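Please look at the sequence and the structure before reading on.

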Amino acid sequence: MPEATTPTPLGQTPSQTVGPFYGYALPYERGGEIAAPWRPDAIRLHGTVTDGAGEVVPDAILELWGLDADGAPVAQRGSLERDGYTFTGFGRTPADRDGHYSFTTIKPGRRDAGAAPYLLVTIFARGLLHHLFTRAYFGDQPVENDADPVLAGIDAERRSTLIAVPDAPGSYRFDIRLQGDGETVFFDFGQEL
């Protein structure tokens, strides 16, 4: 009779990259249009996603989350079915063949006293085991950015990777580098910020 063995507990299944299949299910019509482009307070946030070698990532998907102009979370419906006038606070758009993405939104207000306004950016891309989270602060608000406690907690040499640079009236460029020199600062979603 064989000797009985004690079963060992099963561990967590390791993560693995699955993709690039995001383009088949996640994008939706006018997904980058969080606010109608003809609104007087509309801004554009755009940029390029690159990998560690500096090559563009043409199949990334980006999500953008933002507060309203008063700094309050948005409770409006309509994120997946754009009606042309409702600000939803959420959008999703793919990067194009040149790795470029673009959102139309509004500049958010401050949520907390002493904190600078920002947009939350989520990146899905090939080669990533989990999606990444970062923030886009506004380069034309240096006083608010200097006082922000999250930015103050980041090495001075890396803070610029979180700053969206004004490049035209109502337009901000926010390039995302996934790794390597100039890597964008990414946040652990499970940590308190």
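**Cavity, core and loop**

Q: How do the residues of the lining of the largest cavity divide into nonpolar, polar and charged?
A: In this predicted model, the lining of the largest cavity comprises 14 residues, and those closest to its centre are Arg-82, Asp-83, Gly-84, Tyr-85 and Thr-86. Sorted by residue type, the lining divides into 4 nonpolar, 4 polar and 6 charged.

Q: What volume does the largest cavity have?
A: The count of cavities of 30 Å³ or more comes to 1. The volume of the largest cavity is about 60 Å³.

Q: Which residues touch the most other members of the largest nonpolar core?
A: Strands E1 (42-50), E2 (61-65), E4 (100-106), E5 (118-124) and E6 (132-138) each give two or more residues to this core. Among its 27 residues, those that touch the most other members are Leu-45, Leu-62 and Ile-176.

Q: Is His-131 buried, partly exposed or exposed?
A: His-131 sits in the loop between E5 and E6, and, leaving aside neighbours within four places in sequence, His-131 is in contact with Thr-122, Ile-123 and Phe-124. Buried requires under 20% relative accessible area and exposed requires over 50%. Because its relative accessibility is 38%, His-131 counts as partly exposed.

Q: What distance separates the C-alpha atoms of His-131 and Leu-62?
A: Leaving aside neighbours within four places in sequence, the contacts of Leu-62 include Val-121, Thr-122 and Ile-123, while those of His-131 include Thr-122 and Ile-123. Although His-131 and Leu-62 are 69 residues apart along the chain, their C-alpha atoms are separated by 9.6 Å.

Notes: Residues are numbered from 1 along each chain as its sequence is written. This is a predicted model: local features need pLDDT of at least 70, side-chain atom pairs count only at pLDDT 80 or more; totals for chains, interfaces and linings use all residues. Side-chain values use heavy atoms; hydrogens and water are left out. A nonpolar core is a set of buried Ala, Val, Leu, Ile, Met, Phe, Trp, Tyr and Cys residues joined through side-chain atoms within 4.5 Å. Buried means under 20% relative accessible area, exposed over 50%, partly exposed in between (1.4 Å probe, protein chains only). Helices (H or I, at least four residues) and strands (E, at least two) are DSSP runs, numbered from the N terminus. Contact means heavy atoms within 4.5 Å. On a 1 Å grid over the protein atoms alone, a cavity is a set of points where a 1.4 Å probe fits but cannot get out, and a pocket is an open set with protein on both sides within 12 Å along at least five of seven lines; lining residues have an atom within 4 Å of a point. Grid points are joined across faces, edges and corners, and a volume is the space filled by probe spheres set on the points. Ala, Val, Leu, Ile, Met, Phe, Trp, Tyr, Cys and Pro count as nonpolar, Asp, Glu, Lys and Arg as charged, and the others, Gly among them, as polar.
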